[in-house]
Amino acid sequence: MLMPNDTRQHEKAMAMYVILVATYGERQLKPPRREPMVELIMTILSQRTTHANEALAFKQMWEHYGSWEAIRDADTAELTALIAPSNYAEAKAPHIKATLAQIIRERGEANIDFLEDLPVEEGLRWLLSLPGVGVKTASLVLLFNFSKRIMPVDTHVHRVSLRTGLLAPRTSAEKAHIHLLEMLPSDPHVLYNFHVSCLRHGQKICTWSAPKCPDCPIKHLCDYYRTVYEAE
Ligand code: SF4
């Protein structure tokens with residue numbers, strides 16, 4: 001929980017939110033981009049992979065097998081080859097098979113729409129019990145598909161939040177999910193737009209290797225900028 005003297009972190013988070021949304025545009029959370037099952041499996045394929053390669057891996061897999069049951073029963077080496085555009089395909093193929101097997105065994109079909117009616121903590125626990133599903137993947141599915149109050153933290157959100165000082169140095173991505181959620185309003189629309197605009201900022205301005213700090217619209221809020229530029 002945030003302590004009273006952490007109010008400034010809440011104010012900083014909201015100041016960043018307002019500027020980043022004004023810079024990159026406000027988006028509507030609904031309707032979901034994809035079916036929840038597709039979102040779940042594509043999010044596994046997206047780990048450490050470009051969007052184009054994630055889409056190609058899914059397309060090749062789906063065109064070959066045509067059903068979740070066929071993917072569950074697929075030969076692991078063959079599935080690995082089909083999803084090879086996705087990085088770490090040799091680890092992801094058995095995870096996808098095992099995840100589908102668990103969902104079909106527990107639910108009687110490859111369908112996770114029931115998460116809509118579960119409290120967010122319960123849905124998160126259930127998703128984390130699936131092989132190959134971590135907190136980032138689970139959070140993305142719960143927010144993007146079911147508009148749950150949860151904060152997905154990918155590499156861009158994590159980097160921007162650390163550099164600005166929104167998160168304490170060395171805060172892990174797992175803990176960042178909790179801390180950022182505490183700082184932001186409990187509104188899925190705000191959480192979604194914070195996630196998307198931080199992601200865009202991390203891709204375009206606050207890049208990993210060479211952040212374009214002089215061009216940054218939130219530099220006046222940023223600890224990294226203060227340390228590197230204002231100390232000169
Ligand atoms: S000032 Fe630099 S480090 Fe800070 S958020 Fe902007 S680009 Fe990132």
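How many residues surround the ligand, and which are the closest? In this predicted model, 14 residues surround the ligand. The closest are Cys-206, Cys-213, Cys-216, Cys-222 and Tyr-225. Two elements give two or more residues to this shell: helix 9 (155-164) and helix 12 (223-228). Helix 9 supplies the largest share, three residues. Sorted by class, the shell around the ligand holds 10 nonpolar, one polar and three charged residues.

Now step back to the whole chain. The chain has 12 helices and zero strands. Along the sequence the pattern reads α-α-α-α-α-α-α-α-α-α-α-α. Taken along the principal axes, the C-alpha atoms fill a box of roughly 60 × 35 × 30 Å.

Next, the helix packing. Start with helix 1 (residues 7-24) and helix 11 (residues 188-204). Their axes lie 9 Å apart, at an angle of about 65°. Angles of 65 to 115 degrees count as roughly perpendicular. That makes helix 1 roughly perpendicular to helix 11. The crossing of helix 1 past helix 11 is left-handed. On the helix 1 side, Tyr-17, Leu-20, Val-21 and Tyr-24 make the contact. Helix 11 answers with Val-190, Asn-193, Phe-194, Ser-197, Cys-198, Arg-200 and His-201. By class, this contact of helix 1 with helix 11 has seven nonpolar, three polar and one charged residues.

Helix 2 (residues 36-46) is the next stop, with helix 8 (residues 135-146) as partner. Their axes come within 10 Å and cross at roughly 150°. An angle over 145 degrees counts as roughly antiparallel. Helix 2 and helix 8 are therefore roughly antiparallel to each other. Their crossing is right-handed. From helix 2, the contact takes Pro-36, Glu-39, Leu-40, Thr-43 and Ile-44. From helix 8, it takes Thr-137, Leu-140, Val-141, Phe-144 and Asn-145. The residues of the contact between helix 2 and helix 8 divide into six nonpolar, three polar and one charged.

Helix 2 also packs with helix 6 (residues 89-107). Here the angle is about 160°, and the axes are 10 Å apart. Helix 2 and helix 6 are therefore roughly antiparallel to each other. The crossing of helix 2 and helix 6 is right-handed. Which residues meet across this pair, helix 2 and helix 6? Helix 2 brings Ile-41, Ile-44 and Leu-45. Helix 6 brings Lys-92, His-95 and Ile-96. By class, the contact of helix 2 with helix 6 has four nonpolar, one polar and one charged residues.

Note on methods. Residues numbered from 1 in each chain as written. Predicted model: local features only at pLDDT ≥ 70, side-chain atom pairs only at ≥ 80, totals over all residues. Near = placed C-beta within 6 Å. Helix = DSSP H or I, 4+ residues; strand = E, 2+ residues; numbered from the N terminus. Nonpolar A, V, L, I, M, F, W, Y, C, P; charged D, E, K, R; others polar. Axes fitted to C-alpha atoms, helices over the stretch in contact; angles between N-to-C directions. Parallel < 35°, antiparallel > 145°, perpendicular 65-115°, else oblique. Left-handed = near helix turned anticlockwise from the far one by under 90°. Contact = placed C-beta atoms within 7 Å.
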